[in-house]
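I opened my notebook and went through one protein model, piece by piece. Here is what I looked up, in the order I did it.

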Amino acid sequence: MRPTNGVVEVPEFCTNGVADHTQLLGVVGVFTVDEGSRRDLRDELRRTWMRASVRVPQSLYATFVARGRGPAAAALRAEAKQHGGDILFVDADSALPRSIGPLVTLLEWWQCAAIAWPAAQLIGKADDDVTCSAQRTNS
């Protein structure tokens with residue numbers, strides 16, 4: 001994400017799943033990987049607190065975040081298309097080992113979120129095995 005002629009370009013990876021929200025209070029990246037049980041977790045989050053009609057206030061936005069390069073990324077890209085692009089892919093290899101993969105994903109997420117949602121006051125991170133009480137985030 002280097003500036004080109006003074007303009008910072010959002011990379012291809014960072015644009016997948018990015019919603020156009022100019023007045024967001026915050027953005028939460030829900031980290032996920034392509035493993036069998038994780039699909040069930042993502043589907044449950046889609047049915048519950050990540051549904052747009054449930055989010056309170058509407059100034060909070062949540063998106064899944066996954067590493068966008070490598071063999072596991074292909075299955076996640078197909079899933080993202082089925083669900084309206086609700087997975088943001090960062091420029092990292094899906095085959096990175098557990099010892100460094102989550103840290104690389106986190107650094108890429110922060111960089112991407114700051115560019116994709118420059119007006120957001122808060123940038124958060126969660127894992128796909130958490131739940132959120134949307135009503136409590138309103139206070």
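**Entry 1: Ala92.** I asked what Ala92 touches, and found Arg67, Gly68, Arg69 and Val104, not counting residues up to four places away in sequence. Touching, or contact, means heavy atoms within 4.5 Å. Before going on, I noted that this is a predicted model, where local features need pLDDT of at least 70, side-chain atom pairs count only at pLDDT 80 or more, and totals for chains, interfaces and linings use all residues. I also noted that residues are numbered from 1 along each chain as its sequence is written, and that side-chain values use heavy atoms, with hydrogens and water left out.

Ala92 is found in strand β5. Helices (H or I, at least four residues) and strands (E, at least two) are DSSP runs, numbered from the N terminus. Is Ala92 buried or exposed? Ala92 is buried, with a relative accessible area of 1%. Buried means under 20% relative accessible area, exposed means over 50%, and partly exposed is in between, using a 1.4 Å probe and protein chains only.

**Entry 2: β5 and its sheet.** Five of the seven residues of β5 are buried, so this strand is largely enclosed by the rest of the structure. In what order do the strands of the sheet lie? The open sheet has four strands, ordered β5-β4-β3-β6, and the pairing is parallel. β5 and β6 (122-127) are at the edges with a single partner strand each, so one side of each has no neighbour in the sheet. From one strand to the next, the twist averages 30 degrees.

Two strands pair if DSSP finds at least two bridges between them. β4 and β5 have five bridges in the parallel sense, and Arg67 has Val90 in β5 as its bridge partner. β3 and β6 pair in the parallel sense too, over six bridges. There, Val30 stands opposite Ala126 in β6. Helix α3 (residues 71-82) packs on the sheet and touches β4 and β5; its direction makes about 165 degrees with that of β5. For such angles, axes are lines fitted to C-alpha atoms, for helices over the stretch in contact, and angles run from 0 to 180 degrees between N-to-C directions.

**Entry 3: Phe64.** I found Phe64 in strand β4. Phe64 is buried, with a relative accessible area of 0%. Leaving aside neighbours within four places in sequence, its contacts include Val30, Leu45, Met50 and Leu88. The C-alpha atoms of Phe64 and Ala80 are separated by 9.3 Å, and these residues are 16 apart along the chain.

**Entry 4: the cores.** A nonpolar core is a set of buried Ala, Val, Leu, Ile, Met, Phe, Trp, Tyr and Cys residues joined through side-chain atoms within 4.5 Å. Which members of the largest core touch the most other members? Of its 15 residues, they are Leu24, Val27, Leu88, Trp109 and Trp117. At least two residues of this core come from each of β3 (26-31), β4 (60-69), β5 (87-93) and α4 (101-116). α4 gives the most, with four residues. A second, separate core has 13 residues, among them Leu45, Met50, Leu76 and Phe89.
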